[in-house]
Amino acid sequence: MIFLNEKSYTDLMKVAAMKRNQRKENFVQDLYIDMLLSEIQLTVEKEKLLRKIDSAIDRRDKKLFILLSGQLREINKKFGT
């Protein structure tokens with residue numbers, strides 16, 4: 001007895017392959033989004049730190065300048081920039 005709604009083995013394999021491809025594409029897309037958000041966060045953090053360093057220089061606060069410069073070096077080392 002043949003059922004009209006049944007899919008062939010080939011059709012089922014095609015559907016499964018398409019689902020796997022979609023999952024891979026979603027993973028890559030999520031990875032790119034995470035990378036972009038990390039880059040934005042790093043940029044914002046570095047800009048804030050650079051403004052604080054500029055302010056420490058303007059106030060001639062050597063201790064704060066040294067502290068903030070060390071933090072900037074650590075961020076650059078951590079993220080390879």
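**Reading a salt bridge and a helix pair**

Analyst: Under the rule used here, which requires a side-chain nitrogen of Lys or Arg within 4 Å of a carboxyl oxygen of Asp or Glu, there is one salt bridge. The model is predicted, so local features need pLDDT of at least 70, side-chain atom pairs count only at pLDDT 80 or more, and totals for chains, interfaces and linings use all residues. Residues are numbered from 1 along each chain as its sequence is written, and side-chain values use heavy atoms, with hydrogens and water left out.

User: Which side chains meet in the salt bridge?

Analyst: Those of lysine 77 and glutamate 74, at 3.5 Å from N to O. Helices are DSSP runs (H or I, at least four residues), numbered from the N terminus. The two residues lie three apart in helix α2 (residues 62–79), and are therefore separated by about one helical turn.

User: Is lysine 77 buried or exposed?

Analyst: Buried means under 20% relative accessible area, exposed over 50%, and partly exposed in between (1.4 Å probe, protein chains only). Lysine 77, at 61%, is exposed, while glutamate 74, at 46%, is partly exposed.

User: At what angle do α1 and α2 pack?

Analyst: Axes are lines fitted to C-alpha atoms, for helices over the stretch in contact, and angles run from 0 to 180 degrees between N-to-C directions. For α1 and α2 the angle is about 160 degrees, with the axes 9 Å apart. Angles under 35 degrees count as roughly parallel, over 145 as roughly antiparallel, 65 to 115 as roughly perpendicular and the rest as oblique. The pair α1 and α2 is therefore roughly antiparallel.
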